[in-house]
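Subject: Handover of a structure

Dear colleague,

Please find below the sequence and structure that I am handing over to you. A short account of the findings follows it.

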Amino acid sequence: MAVLLGFFSLILYAYINYSVETELRASLVKQAHYLLAKYDDLESALKKQKDLLRRTLKINAQIVSAPSARYRPLHFQVLEKKGHTYLQAYFPYNFREQSYLVLTADITQQKRMQHKVFRAIVLLTAIAMVLILFYAFLLSGMLLGPIRYFSRQLEKMNENILEPLNIREIPPEFHPLARSVNALIARIKSFLLYKKELFVGTAHELKTPLAVMKTRSQVALIKKQKRPEDLERVIRENIETIDNMNRIIGSILEFGRAEGAQFEKPVSLDLVAFVRSKAEEFALLAQSQGKKLRTRLTPKSLTYTVQPLLLTQVLQNLLQNAIRFTPEGGKVQLFTYIKDGEFVVKIRDEGPGIDESVDLFAPFKRSKDSPGAGLGLFLVKSAADALGATVTLKNRRDGRGAVATFSLPLEKK
């Protein structure tokens, strides 16, 4: 800023200098035209009225001769003499005699005024530079203060200590940034909490069936005279338990793949066409179970940059749940639309509904009739968070099932 100010000050002074000199030269040209038009015998008139011209027009006019080699068209010359500055204008007068009409004007006052203007510009520029540097120093201090506060608070945090920033201690200009940081901290806390529940729940879900399998096997070994059909029953029960454990492990692996999908490179795709293709796949699944999947997708197309695998995780789990809990002969409805700058996907089922007092998005939380491991909606929530979207699950107002809503904010482009 200071360099720009100095540069524009120089341009201003150069413009003032140029304007003054142009005006002085134009004045001499105008006076020369006046003299040439008024007097037929200009040389004699100048000798007689030399003093009059000096008093009235404040110029000294004379006819001078020049060698032919140095004879030039109209030109000007600035002279310094005895502390005064003069501007001389040479007008070709007699080409045959190689003579000029020379007008000399004392421009000492104008030059002094130019020097005063120059000094004033330099002084004002210096003062402005000092003020700019002071303001920059003050502003940098104001900016660095909140940044240092952010740095200190974030340095204190770890996975066990995640406290939101106190917005009251931050200037209003930084409130949006503080709110964004607090929102991120809240998401991290939620993610760490869910992850802890996932580890604890996984240990519990796997430990219980292992204990049951061990007990069955020990009982079978103790009762050696068991009939073959009883041994077969124990083995079948153990196989069924192992299958359930495999489903749990598969869900955990799916969660790991979903976490990896967060680092997938976003691509540009048509969101509506993507949802339509997934709906067509699940329409066949619903039809095979004696159910119907109806869609109403708007707008016709919407191109957006998103991670396809994360979006697939969301749609797949929500549609699977809706079809699973809808009874035979029932109908699942899928809607898409844009509202308040968000792309909304809404899925309605005709199932028994949900218990809204339970956080079904937590790991291993599931309804009483759910045959799954309770990780599907946890995957949906994790994928939605990675997309910067929100997902909700509520009962329908008419009491005929549940409705899942996925809202993806659309950036203004």
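**Findings**

Glu-43 is located in helix α2, which covers residues 42-48; helices (H or I, at least four residues) and strands (E, at least two) are DSSP runs, numbered from the N terminus. This is a predicted model, in which local features need pLDDT of at least 70 and side-chain atom pairs count only at pLDDT 80 or more, while totals for chains, interfaces and linings use all residues. Residues are numbered from 1 along each chain as its sequence is written, and side-chain values use heavy atoms, with hydrogens and water left out.

Glu-43 has a relative accessible area of 37% and is therefore partly exposed; buried means under 20% relative accessible area, exposed over 50%, and partly exposed in between (1.4 Å probe, protein chains only). Together with Asp-40, Asp-41 and Glu-97, Glu-43 forms a negative surface patch. Such a patch is made of residues with over 30% relative accessible area and no salt bridge, like charges being joined within 9 Å. Asp and Glu count as negative, and the place of a charge is taken as CG of Asp or CD of Glu.

How many salt bridges does a search of the whole structure find? There are four, a salt bridge being a side-chain nitrogen of Lys or Arg within 4 Å of a carboxyl oxygen of Asp or Glu. Three of them are described here.

- Arg-400 pairs with Glu-350, with the closest N and O atoms 3.6 Å apart. Arg-400 lies in the loop between β10 (390-395) and β11 (402-409) and Glu-350 in the loop between β9 (342-348) and α9 (376-387), so this pair ties together parts 50 residues apart in sequence. Arg-400 is partly exposed, at 47% relative accessible area.
- Lys-381 is bridged to Asp-385, the closest N and O atoms being 3.0 Å apart. Both belong to helix α9 and, because they are four residues apart, about one helical turn separates them. Asp-385 is partly exposed, at 23%.
- Asp-398 and Arg-396 form a salt bridge whose closest N and O atoms are 2.9 Å apart. Asp-398 is partly exposed, at 44%, whereas Arg-396 is buried, at 14%.

Finally, Thr-125 lies in helix α4 (residues 108-156) and is buried, with a relative accessible area of 11%. Leaving aside neighbours within four places in sequence, Thr-125 is in contact (heavy atoms within 4.5 Å) with Leu-5, Gly-6 and Ser-9. Thr-125 and Ser-9 are 116 residues apart along the chain, yet their C-alpha atoms are separated by 7.0 Å.

With kind regards

Key:
Patches are made of residues with over 30% relative accessible area and no salt bridge: like charges are joined within 9 Å, nonpolar side chains (Val, Leu, Ile, Met, Phe, Trp, Tyr) within 5 Å. Accessible areas come from the Shrake-Rupley method with a 1.4 Å probe; for residues, only the protein chains shown count as cover.
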